[in-house]
Amino acid sequence: MAGDRGAVVRVATWSARNPWRAVVGWLVFVAICVAAGSLVGKNKGAVADFRVGEAGRAEAAAEAAGLAPPLVEQILLTAAAGGAPDPAVAADVAARMREVPGVDGVGEPVASGDGTVVRVPVRLSGNPEQAKAVVPRVLAATAVAQAAHPDVRIVQTGSASIAVGVNELQGSDLARTEAISLPVTFLILLVAFGAVLAAGIPVLLALSAVAGAVGLYALASWIFPDAGGAVTSVIFMLGMAVGVDYSLFYLKRVREERARGSDAAVQAAAATAGRAIVTSGLGVAAGLVGLYVVDDVIFSSIATGAVLVVAVAVAGSLTALPALLALLGDRVDPWRRRSSGRFATLLGPATRYPVATLAGTAVLVVALAWPAVGLALGTSGKDTFPRAVPAVAAYGELTAAFPTEGIAHLVVVRAEPDARAAAQAGVDRLGAALRVDPVFAGSQQRLRTSADGSTWTLAISLPERENSAPARASLTHLRTLLIPAAFPDPGVDVLVSGEVARGVDYAAHQAERLAWVIGCIALATFAVLAVALGSPVLAGLGVLLNVAAVAVSWGVLVLVFQGHWAEGLLGFTSIGVVEARVPLMICAILVGLSTDYQIFVVSRIREAVADGVPTRIAVREGIERSAGVVTSAAVIMISVFVSFMFMTQVELKQVGLGLAVAVAFDAVVLRVLLLPAAMTLLDERCWWPRPPRVDSTDRALSHA
């Protein structure tokens with residue numbers, strides 16, 4: 001460990017002494033990452049990579065038998081003046097669609113029950129990922145048809161067009177988030193440091209870390225396939241958070257060294273803040289690596305991107321940052337200095353009345369976290385995606401006019417040759433049962449058989465919303481009652497997929513992994529803290545604080561998103577669940593950031609104790625000395641996370657709110673009240689098995 005720390009100091013010191021080489025080297029490194037990522041491109045995850053649970057096995061079986069459900073886009077026609085659309089217009093639309101490359105077939109126009117809406121089914125070729133490439137061409141043909149027939153409203157919807165539209169909306173949302181968070185971050189830094197250059201450096205370094213990480217992520221996707229979606233958002237969110245954090249801590253230490261009259265302040269900071277940044281980066285990465293335990297391509301992608309951006313941010317903090325500070329010299333100093341008196345006021349109750357402070361904060365944690373007991377996981381569906389996406393809005397029109405064209409359960413039946421007769425009889429029994437079962441009243445059945453007669457698929461239309469309680473109840477009814485009754489023979493394999501089953505199975509998969517992931521993250525975090533702080537007692541305390549922050553975050557998510565009271569305030573429609581990926585995502589990111597704070601704050605206290613200051617006094621001094629910069633870092637993180645609450649997708653709103661609340665609670669309640677109260681009570685026992693000593697190892701952990 002000492003050798004590793006020596007290497008860290010040598011790198012940072014060399015950068016400070018050779019600033020132009022270090023800055024140019026950093027820019028070249030980022031440029032190479034971006035160029036390599038652009039040239040190689042991302043390795044998109046295959047459809048099979050996203051399959052989970054019974055629904056995933058059913059889809060794989062159907063695909064292997066050549067019975068995968070066709071990818072169909074629906075073109076809807078509605079007469080602008082009311083009444084029935086002109087059949088000639090529908091025929092013209094169908095003819096136009098047949099000419100589009102990538103269209104595998106066009107069905108006959110079908111009128112709704114009242115005749116006011118006509119749909120033209122357009123079958124796309126290829127798998128779902130390939131179909132996304134065809135969608136723009138079909139959309140263009142739809143637009144041309146609309147221009148040719150202004151008296152008829154022509155819109156398009158389907159799984160592929162909805163996916164494309166949601167991805168485009170997410171991209172525009174992310175651009176807006178960047179436009180909000182970057183100037184806000186700069187203004188906060190300007191207030192914190194009082195100097196334009198000092199405010200600009202962290203932002204520029206964070207952005208360069210994000211750019212470099214995005215390029216490296218493209219290369220890494222050839223090992224861990226890219227799941228798309230929220231990965232870029234997470235890279236930006238975390239890159240801005242840790243990139244700005246590390247710059248803040250380093251800058252603060254440089255200023256302290258200059259205030260002491262050091263002629264080599266940047267190099268001296270490398271021996272303290274630089275080493276601690278590396279330790280902190282390991283702590284953040286340790287929390288993120290736990291996401292690989294989920295065994296899910298989406299979480300593997302998020303973990304890969306997040307670990308890379310943290311690593312790049314650490315590298316920039318040891319090379320480009322000390323180089324820039326050496327080049328700019330005193331120009332990064334503020335025109336005024338801030339007082340930490342207000343933090344002394346806040347610390348008073350915690351250090352004078354530690355038992356009462358612990359009891360009060362514990363009650364607050366339990367009160368805010370208690371709603372998490374009712375945490376329900378689910379997934380968004382076509383009917384709950386933002387209606388700002390035209391294809392999503394058109395989907396609502398489709399299901400209103402053609403209820404059986406919405407979601408469906410897909411029953412997949414497989415049998416070996418000696419059990420095929422039993423399988424066929426079971427399919428017949430299931431079909432008959434569905435026709436008389438009140439749960440499936442109004443449903444339609446579509447039966448298909450594979451060419452070799454070994455596999456059957458039975459699509460059962462469902463005139464319900466994808467995430468509704470009736471839809472989930474119908475899945476349970478089908479799996480637990482109807483299928484066992486129809487297929488008593490053990491030689492027949494029966495699986496159920498479809499939109500509802502896919503969401504239910506995915507949520508169940510996340511719930512099953514939750515305890516394992518939390519356990520792995522807790523153990524990894526404990527190990528990093530124990531090594532960094534030299535105390536298993538403080539490592540255990542750090543893990544408890546992390547758990548408290550996560551629990552509070554989950555509790556607030558349940559209060560806000562599983563109810564309806566905040567819909568107008570935050571601009572969402574509640575479906576009564578928290579998105580299945582959100583709790584684990586928040587847990588991994590938050591634990592990493594909380595560990596970051598724990599190392600920065602406690603190592604200040606440790607430095608004072610190593611200098612001979614009693615622990616009770618060192619707690620107050622250490623937190624007072626670090627509170628200003630930690631609070632500034634927390635405010636910046638909160639501003640970045642809050643910006644995600646302005647995104648249209650509910651999942652990203654939940655991530656933004658959960659992280660913003662948790663970081664605020666961590667910085668204000670846990671680090672300023674609970675941590676000093678606990679350490680005051682523990683006193684010298686904090687440092688078991690041995691107190692800190694005045695040596696280079698201890699000094700290496702002291703920083704802003």
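A search of the whole structure finds 22 salt bridges, a salt bridge being a side-chain nitrogen of Lys or Arg within 4 Å of a carboxyl oxygen of Asp or Glu. One of them joins the side chains of Asp226 and Lys44, with 3.2 Å from N to O. Asp226 lies in the loop between helix 7 (196-220) and helix 8, and Lys44 in the loop between helix 2 (19-40) and helix 3, so the pair ties together parts that are 182 residues apart in sequence. Helices (H or I, at least four residues) and strands (E, at least two) are DSSP runs, numbered from the N terminus.

The structure is a predicted model, in which local features need pLDDT of at least 70 and side-chain atom pairs count only at pLDDT 80 or more, while totals for chains, interfaces and linings use all residues. Residues are numbered from 1 along each chain as its sequence is written, and side-chain values use heavy atoms, with hydrogens and water left out.

The strands may be considered next. Strands of a sheet pair through backbone hydrogen bonds, either parallel or antiparallel. Two strands are taken to pair if DSSP finds at least two bridges between them. Strand 1 (residues 71-79) pairs with strand 4 (residues 117-124) in the antiparallel sense over eight bridges. Within this pairing, Glu73 has Val122 in strand 4 as its bridge partner. Strand 1 also pairs with strand 5 (residues 152-157), again in the antiparallel sense, over six bridges. Here the bridge partner of Leu76 is Val155 in strand 5.

An open sheet of four strands shows the order 8-9-7-10, with antiparallel pairing. Its edge strands, each pairing on one side only, are strand 8 (445-449) and strand 10 (492-498). From one strand to the next, the twist averages 15°. Strand 7 (residues 407-415) and strand 10 are joined in the antiparallel sense over seven bridges, and Val413 stands opposite Val494 in strand 10. Helix 3 (residues 53-64) packs on this sheet and touches strand 7, strand 9 (455-462) and strand 10; the direction of helix 3 makes about 105° with that of strand 10. Contact here means heavy atoms within 4.5 Å. Axes are lines fitted to C-alpha atoms, for helices over the stretch in contact, and angles run from 0 to 180 degrees between N-to-C directions.

Helix 8 (residues 231-259) and helix 21 (residues 615-643) pack at an angle of about 160°, with their axes 10 Å apart. Helix 8 and helix 21 are therefore roughly antiparallel to each other; angles under 35 degrees count as roughly parallel, over 145 as roughly antiparallel, 65 to 115 as roughly perpendicular and the rest as oblique. A crossing is left-handed if the near helix is turned anticlockwise from the far one by less than a right angle, and right-handed if clockwise. Among the residues that meet are Met237, Met240 and Phe249 in helix 8, and Arg625, Ile636 and Phe641 in helix 21. By class, the contact of helix 8 with helix 21 has 13 nonpolar, one polar and four charged residues. In this grouping Ala, Val, Leu, Ile, Met, Phe, Trp, Tyr, Cys and Pro count as nonpolar, Asp, Glu, Lys and Arg as charged, and the others, Gly among them, as polar.

The axes of helix 18 and helix 22 (residues 650-682) come within 8 Å and cross at roughly 140°, in a right-handed crossing. The contact of helix 18 with helix 22 has 23 nonpolar, four polar and three charged residues. With helix 20 (residues 582-610), the axis of helix 18 comes within 9 Å and crosses at roughly 140°. Helix 18 and helix 20 are therefore oblique to each other, and helix 18 passes helix 20 in a right-handed crossing. Residues in the contact include Leu538, Gly542 and Trp554 of helix 18 and Pro583, Cys587 and Gln598 of helix 20. This contact of helix 18 with helix 20 has 14 nonpolar, six polar and no charged residues.

Two features of the backbone remain. The peptide bond from Trp688 to Pro689 is cis, with omega near 15°, and Pro689 is found in the loop between helix 22 and helix 23 (696-699). Asp295 has a positive phi of about 60° although it is not a glycine. Asp295 is found in the loop between helix 9 (265-289) and helix 10 (297-318).
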